[in-house]
Amino acid sequence: MSHPDPRPLKARAPGAPLAGRLAVPGDKSISHRALMFGALAVGTTEITGLLEGEDVLRTAAAMRALGAEVENTGPGAWRVSGRGVGGLVEPADVLDMGNSGTAARLLLGLLAGHPVFAVMTGDASLRKRPMKRVTDPLSATGATFWTREGGRLPLAVRGAVDPLPLDYVVPVPSAQVKSACLLAGLCAPGTTRVVEKEATRDHTENMLRHFGATVSVEDTPDGRVILLEGQPELIAAPVLVPGDPSSAAFPIVAALLVPGSRVVVENVGLNLLRTGLFTTLREMGAALRIENERIAGGEPVGDVVAEYTELTSVTVPPGRAPSMIDEYPVLAVAAAAARGTTRMKGLAELRVKESDRLAATAALLAVNGITAEIEGDDLIVQGTGGAIPGGGTVETHMDHRIAMSALVMGLAARTPVTADDAAFIDTSFPGFAMLMNGLAGTEALAAP
């Protein structure tokens, strides 16, 4: 799959406060899972608020290839007619997962439990990302995997004819690995047991219950123990997808950094295992509050109000990483404007994201006049206590979150900041530039 032509984008200070109410695209994690569970359920699942970014559309195409009926019935509205647990069919062609590590890893769990042969690939970025962390535990189901060196895509899988339940301790906190094991366990008789030493986002567990599976979760001295009863009949259920907190992070941090700003992001998912960024920003002194809190589709949601604040540096504990793993690049931008030195601890997982996101974040800061260093798995940022110098061109490494973080930095910098390629933003946040320009009341983000 060829790399599309790079689309550079430059962001400059808008010259006025950011203001307005907005909704961000639907939660990517929940969108992927809604399509997958819809395909595994008996009956027709109606989904509203689905993220229609490239990553999620790859999952929709894959579910179609595996025999589910998937149709788009309006903006964010989708209908999935499922085949039941164990009922997916062998795909006639290669499954191309584009840029989506979540889709690829969760889908490997689904395929492991079905007696089918499939080949999976992705774009240049995804083909560099390790899949061994998923294929190793999934092999215990009886599935067989053939991969490139280092466990990378493209890979082939032959799912188990009689899958065995898994009993697996996840070595590094990863919601994707946990979820892949649980999805494989759906097709196995008996109980699948997954233990995680630190809690990671629990959308899979929530959605399993929503569709009628029996899942128990217990916190023990050894970690969080998740038990799934295998071979349930999943029953189609409506899914309302909340706004993605990882996407909401960008307009929220921009509002905190551009003087005089006040922005309201509506209908944001507030799952406690996803809101580490909001906790951290509050510790930095951010004027951040939640209004209109409610439960929708089994997930807590609310409206997030963010107002300009002079931030203060903090130390972010390693235990918080799983609840904000995608937000460190934009938190680093906030830290660059804060007073003092911010240390973000325990970021090993960032090295295996869409890019080496730890190195890419440090480079994003350095090229814009901010002193940052990586010490072990920690990122240390020396804040300016005011405006960020800016003026740099950021290498995005095909990583949508690095690109958006660079553009948020440009809004708060003395000199404009350029993202060398903003094409990949569409994977998670279609319409990002237009939305940010709407808040700015001017074309603050534009082609250079």
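Contact here means heavy atoms within 4.5 Å. Keep that cut-off in mind for the opening stop. Two notes before you click: this is a predicted model, so local features need pLDDT of at least 70 and side-chain atom pairs count only at pLDDT 80 or more, while totals for chains, interfaces and linings use all residues. Residues are numbered from 1 along each chain as its sequence is written, and side-chain values use heavy atoms, with hydrogens and water left out.

**Stop: the domains**

Colour 9–26 together with 242–446 as domain 1, and 28–240 as domain 2; the bounds come from an automatic or database domain assignment. Taken over C-alpha atoms, the centres of domain 1 and domain 2 are 29 Å apart. To see where they meet, look for 28 residues of domain 1 in contact with 29 residues of domain 2.

**Stop: D244**

Now select D244, in the loop between β14 (239–240) and α7 (245–257). Helices (H or I, at least four residues) and strands (E, at least two) are DSSP runs, numbered from the N terminus. Is D244 buried or exposed? Its relative accessible area is 2%, so D244 is buried; the scale calls a residue buried under 20% relative accessible area, exposed over 50% and partly exposed in between, with a 1.4 Å probe and protein chains only. Show what surrounds D244: not counting residues up to four places away in sequence, it touches V24, P25, G26, D27, K28 and R274.

**Stop: α1 against α5**

Select helix α1 (residues 28–40) and helix α5 (residues 175–185). They pack at an angle of about 5°, with axes 13 Å apart. Axes are lines fitted to C-alpha atoms, for helices over the stretch in contact, and angles run from 0 to 180 degrees between N-to-C directions. That angle makes α1 roughly parallel to α5; angles under 35 degrees count as roughly parallel, over 145 as roughly antiparallel, 65 to 115 as roughly perpendicular and the rest as oblique.

Q176 is buried, at a relative accessible area of 10%. Setting aside neighbours within four places in sequence, Q176 is in contact with G101, T102, R105 and L106.

**Stop: P91**

Jump to P91, in the loop between β5 (77–81) and β6. P91 is buried too, with a relative accessible area of 10%. Beyond neighbours within four places in sequence, P91 is in contact with A65, L66, F117 and A118. P91 and F117 are 26 residues apart along the chain, and their C-alpha atoms are separated by 7.7 Å.

**Stop: salt bridges**

How many salt bridges does a search of the whole structure find? It finds 28, where a salt bridge is a side-chain nitrogen of Lys or Arg within 4 Å of a carboxyl oxygen of Asp or Glu. Here are some to click through.

- D96 and R58: the closest N and O atoms are 3.6 Å apart. D96 is in strand β6 (residues 95–96) and R58 in helix α2 (residues 54–65), so to speak distant parts of the chain, 38 residues apart. D96 is partly exposed at 26% relative accessible area, and R58 is partly exposed at 24%.
- E307 and R289: their side chains meet at 3.2 Å, N to O. E307 lies in strand β17 (residues 299–307) and R289 in strand β16 (residues 287–296), so the pair ties together parts that are 18 residues apart in sequence. E307 is partly exposed at 28%, and R289 is partly exposed at 36%.
- D399 and R357: the closest N and O atoms are 2.9 Å apart. D399 sits in the loop between β23 (393–394) and α11 (400–411), and R357 in helix α10 (residues 357–366), 42 residues apart. D399 counts as buried at 1% relative accessibility, and R357 counts as buried at 0%.

To finish, select K178, E196, D202, E205 and R224 together: salt bridges that share partners join these residues into one network.
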